[in-house]
Amino acid sequence: MSSPQLSTDLEKLLVSTKFAPPRIGSRYVLREPLLETLARERQSRLVLVTGSAGFGKTTLLAQWRQRLMAAGSQVAWLSLHPDERLFASFRTHILAALGRLGMPVQDDLLLAEDDRDQIDETVAAIVNNVASMDGELHLMLDDYHHVEDPRAHQLVQKLLDHCPSNLHIALASRALPPLSIGRLRVMGQVAEIECNDLPFSRSETRAFLDQNAQGLKLETDEIGLIHDQTNGWPASLQLVAIMLKNRPESRANLRNMAWHSSDLQNYLWEDVIGHLPEDMATFMEALSICRRFNAQLAEAIAEEPRAAAFIERIEDENLLIMRADAGSRAPWYRFHPLFNEFLAARLLRRGPDRAAELHRRASQWFARRRLVIEAVRHATLAGDIDEAVAIIERAVPGSWKLSYLGPLLHLVDNVSLDAIATHPRILYLGSLTLAMTGATPRAGTWLKHLDGCPVTDARARAFQKALVEATIAFQRDDIAECLDQLECFDANEAESAFERYVYLMVRITALAVAGRGRDAVDLIESHPTPPDDLNDDMAMRVSGCRVVTLLIEGRMREAEALSTAHYARCAALHGRSSTSANLAAASLAIISYELNRIDDARELLASRQTHRQTSSPQMMIWATLCRARLDALQESADTALAFLDRQGAYFRSLGLHRAAAHVDAEQVRLLLAAGREEQAGNIARRLCDDAATPTTASLAAEILMLRHLVQARLALAQGRLDDVLAHAADARTGVGALMRTQADIAASLIEIMAVERRDGPDEALVRLGPLVRRGAGLGLVRTFADEGKPLHRMLEKLYSDSACDETMRRFLSDVLGREPGSERGGVSRSADAGTDTPLTAREVEIVGLVAAGMSNKRIALTLQISVETVKWNLKNVFAKLEVSSRYDAMIWARRQGLIA
């Protein structure tokens, strides 16, 4: 790089490292989505990257610098320091940075006195010289928040106002700089990367940990846990990676491991709040008791009349704060989770009485506004159990919601039965809460205490007891008992909407599991959700039951549209981590896997352990099998088998025999595919023993069906073809009463593979054709694909057969992993093939805003939806159009005439 055109030796007095960015090694994650945004906006006059300490602003600019230089642009870099807070030093370093690109700089300008004329003279010199230079020139100023002198800001302002077309200025700062850029924004000359854009995505977190925690094979759930704990904050991820490398044993305690590092605490103190006034730091500590806060709540908790001004400063300085709902007139905020824990740890040093008093104030504030969840939570944390009970009793029956289970469970865990023995409503709701969360023994104990309470309405009490007993049976997978308990009651007998929706959810799901899908659908349709309850979290769980009935019957294509919309609504209304969103995500993951959208399925299941541990047995079965199959595809059969071992032991510990049988059947399939027949035989014998264990009729039928399916697979591997046909026929007979379409097709495929070996390929293909057509209609791609090479060879022959129609060929293309329209005569799926669009109106609307150059965040604000919903819709667009980028989707939509 050339030196500045100086006649003096002044450059020797400047620190050369200020003019070069940090080296970007192989262990840095390329921020491709952000780099794409910057590439689209590269002609902007100003690029503004603002974010908290440690969020990767410098790294992003350094990566963009490399891209620009590779494209032939010239880039001047200046890393600012507190020494450059004053105008003279700032101006000298700006000129020296530009001089390194060959711009002539006169000594008298560098050494001039500090007066206003020198600002204009400096701007004129830069503008005139840059305008005469060839090519695009980018001036990058890192850590601009160190600049304090108003004259320095005036210099940058004038440069922006008079910028030649080939000069582009990029600023990285912790706070929004005091520049007037409204006019430039209107002209489309400002590109902004904000603090909310900088955290790593889940995939970037995975890539970072793969590169920086080498030697540790982290599982998807572990990566998801780290990502959720750190919120993708690069600085904390770096420290977690170091701890994992230095102390691999800390992996067993991932949830709390970050706080074993004094480095992170020192970093937060020195780089984030160390410079703040004492009263403001104390204010932030007080807010650490809240999961979210606004100015009014903050003022009440901290008793600080300057709360609004403090929050404004915290936000302006990007002190690890983010808006919880950006669209509100009185916005709510939250701190980064690790920063919140840091502040909470500092608060504890002031003694337990201080924290208890803050919680008491928060509880009173929330209770006055009838915000039950937070009111109960804070009352409990304040140690005021009587007040927590009183808040709950005031909230029932009419306003009780699914989201209240958390605070009620928190209360249940912190009080004795004796303390609330005289509160029948709390006893009832407590037992129902325990049952719904899988703590069935405690639920039964609480329910017994309810018998000792006075009864004013015998029928209402009978309904309550039946609902709890049914829920306990449901969680124990005793479907017959569950249905028997509810048989004599109707949903309309429920005292509250919450109880009504619990009744419907439990009974609909139980009917579907029992193979009574038509009865389940009738119950759904005969109890429509009132318009006022459409966004109620429990009502949304009931609406998700329609997806469950479709899944049980293997109708994946029908389930996909319902499930996609249902998950998007749950995540948008109640948050990605809500119970309703977790369950909806599990269903959608299962559908995505079956439709061969492997990455989507993995992403949906990541960090959602609850549906494998505490949701309904049916959901736990599906989620477990989906996770194991993903592991087998993306990791190895051994990884999947080890996971199934753990889950099988867990199911047996809970007495969930049906779930354990499904795990055994999956292990046999994987072991036989790997040629490990002896191990498969051992597990098959265990499954036979389980099938002989006395259990309920419905469970016994399904376990027996799985046993026959496993025996058919084992007989096929051993060449006992007559036994294959006998066991497959018995399995299919068992399927009939249970409506398990996927098991029926699996048994039929095993049967066809035996027929091929016994009677020849022609007879097998005759049977295979109708089965493929049936699978295509249902969308059971992986059901066919997972049967392995022997079936694949038969499907290849069917694909080449002249009798194979377009629908079958498309389906077989998905099963065999081949592009349709290939050498075997498939039909091309060109984007221009027709005018019918597979996109929904909302998806078309989002693609149109993408074409307008909007970021996901701006699209979300424009449509008044969450950023998560925007991302989810774009993923669906990519999958439907079989493209991989926003640009490709935009081109497709333009060709179709959907957007201008």
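I began with a definition: buried means under 20% relative accessible area, exposed means over 50%, and partly exposed lies in between, for a 1.4 Å probe and protein chains only.

**Entry 1: ground rules.** I noted that this is a predicted model, in which local features need pLDDT of at least 70 and side-chain atom pairs count only at pLDDT 80 or more, while totals for chains, interfaces and linings use all residues. Residues are numbered from 1 along each chain as its sequence is written, and side-chain values use heavy atoms, with hydrogens and water left out.

**Entry 2: the whole protein.** I looked up the secondary structure and found 46 helices and seven strands. These are DSSP runs numbered from the N terminus, helices being H or I with at least four residues and strands E with at least two. Of the 900 residues, 54% are buried. I then turned to contacts, meaning heavy atoms within 4.5 Å. Among contacts with a separation of 6 or more, 68% join residues 24 or more positions apart.

**Entry 3: helix α9.** How many of the 11 residues of helix α9 are buried? I found 10, so α9 (residues 220-230) is largely enclosed by the rest of the structure. The buried residues are T220, D221, E222, I223, G224, L225, I226, H227, Q229 and T230. After α9 comes N231, with a positive phi near 55 degrees.

Entry 4: I kept a reminder here: most residues other than glycine have a negative phi. D143 is not a glycine, yet its phi is positive, about 60 degrees. I located D143 in the loop between β3 (137-142) and α6 (150-161), and D143 is partly exposed at 22% relative accessible area. N596 also has a positive phi, near 75 degrees, without being a glycine. I placed N596 in the loop between α29 (579-594) and α30, where N596 is partly exposed at 27%.

**Entry 5: α30 against α32.** On the α30 side I listed I598, D599, A601, R602 and L605, which meet α32 residues including A623, C626, R627 and L630.

**Entry 6: nonpolar cores.** A nonpolar core is a set of buried Ala, Val, Leu, Ile, Met, Phe, Trp, Tyr and Cys residues joined through side-chain atoms within 4.5 Å. Which residues have the most contacts inside the largest one? I found F283, M284, F339 and L768, in a core of 186 residues. Helix α25 (residues 497-513) gives the most to this core, with 12 residues. Leaving aside neighbours within four places in sequence, M284 touches I273, L276, I314, L319, F335, F339 and L343. I also noted a second, separate core of 40 residues, which includes A96, M133, L137 and L184.

**Entry 7: R774.** My last stop was R774 in helix α39 (residues 761-778), partly exposed at 34% relative accessible area. Beyond its neighbours within four places in sequence, R774 is in contact with T741, D744 and I745. R774 and I745 are 29 residues apart along the chain, and their C-alpha atoms are separated by 8.9 Å.
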